[in-house]
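The structure comes before the entries.

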Amino acid sequence: MSNSHLFLPSGFIRTPLQNGLGRYIPQLQRITLKFCKNNGGSRGVRDFIESDLMEFAKSNPGTVVYLKPRRHRSPCMVAEYLNGEREYLSCHEFSRGEVHKWLSYMCTRSGIPVMRFRKYQHTDYPTIQGVWNPFTHQAPEISVAEYPHELLSKPADMGPTATEQLIEIFKRTQIEDPASKPGQ
């Protein structure tokens with residue numbers, strides 16, 4: 001088993017600025033594709049730019065796409081998020097499909113750094129009532145009573161059942177509606 005998880009920063013799961021409670025705001029602010037016009041390692045990035053970039057830009061209008069040609073350099077992607085985080089990815093010898101997959105991955109990320117979760121649930125407003133248990137709303141006499149207890153052993157008066165209520169409603173409508181009586 002690897003111990004690499006011990007070196008990850010730890011924290012609680014969170015949503016950037018409560019995103020998605022009102023409307024959803026894509027967190028990817030801008031993406032920069034750096035590539036070489038001649039280098040063979042940039043072929044997949046160039047193919048993506050020629051065929052899929054316009055479709056990507058139309059489907060993600062909130063994301064700014066920059067193209068930065070550089071001579072004799074390895075291709076890379078730099079994603080900048082609304083929270084100020086930057087993510088760098090080397091695209092050396094990526095195919096066109098791989099560039100598209102990594103770009104869609106960066107679009108769906110929040111920009112929050114990868115971290116180890118301390119707990120799988122977290123709230124900013126913890127309850128002041130304490131933890132709920134089955135005896136939370138019970139009478140305090142129950143906790144000190146000795147069983148069998150005469151008063152507590154009696155069934156509770158629940159009132160009329162649903163069937164009894166329906167029969168009563170039916171009888172009232174029969175009395176009030178003379179047109180429904182037979183023989184008239």
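Is Arg30 buried, partly exposed or exposed? I find Arg30 partly exposed, at 25% relative accessibility. The cut-offs I used are under 20% relative accessible area for buried, over 50% for exposed and partly exposed in between, with a 1.4 Å probe and protein chains only.

Entry on conventions. I am working on a predicted model, where local features need pLDDT of at least 70, side-chain atom pairs count only at pLDDT 80 or more, and totals for chains, interfaces and linings use all residues. Residues are numbered from 1 along each chain as its sequence is written, and side-chain values use heavy atoms, with hydrogens and water left out.

Entry on salt bridges. I took a salt bridge as a side-chain nitrogen of Lys or Arg within 4 Å of a carboxyl oxygen of Asp or Glu. With this rule I get four salt bridges. One of them joins Glu80 and Arg30, with N to O at 2.5 Å. I noted that this pair links distant parts of the chain, 50 residues apart: Glu80 sits in strand β4 (residues 76-81) and Arg30 in strand β2 (residues 28-35). Strands (E, at least two residues) and helices (H or I, at least four) are DSSP runs numbered from the N terminus.

I then followed Glu80, which is buried at 15% relative accessible area. Its side chain also meets that of Arg86 in a salt bridge, N to O 3.5 Å. Arg86 is exposed, at 56%. I therefore record Arg30, Glu80 and Arg86 as linked in a network of salt bridges, by the rule above.

Which residue pairs with Glu87? I found Arg109, the closest N and O atoms being 2.6 Å apart. Glu87 lies in strand β5 (residues 86-90) and Arg109 in the loop between α3 (96-108) and β6 (116-117), so the pair ties together parts 22 residues apart in sequence. Glu87 is partly exposed at 21%, whereas Arg109 is buried at 15%.

Entry on helices. How do the axes of α1 and α3 cross? For helix α1 (residues 43-51) and α3 I get axes that come within 7 Å and cross at roughly 75°. The axes are lines fitted to C-alpha atoms over the stretch in contact, with angles from 0 to 180 degrees between N-to-C directions. The helices are therefore roughly perpendicular, a term covering 65 to 115 degrees.

For contact I used heavy atoms within 4.5 Å. Gly44, Val45, Asp47, Phe48 and Ser51 in α1 meet Arg96, Val99, His100 and Leu103 in α3.

Technical notes:
Parallel < 35°, antiparallel > 145°, perpendicular 65-115°, else oblique.
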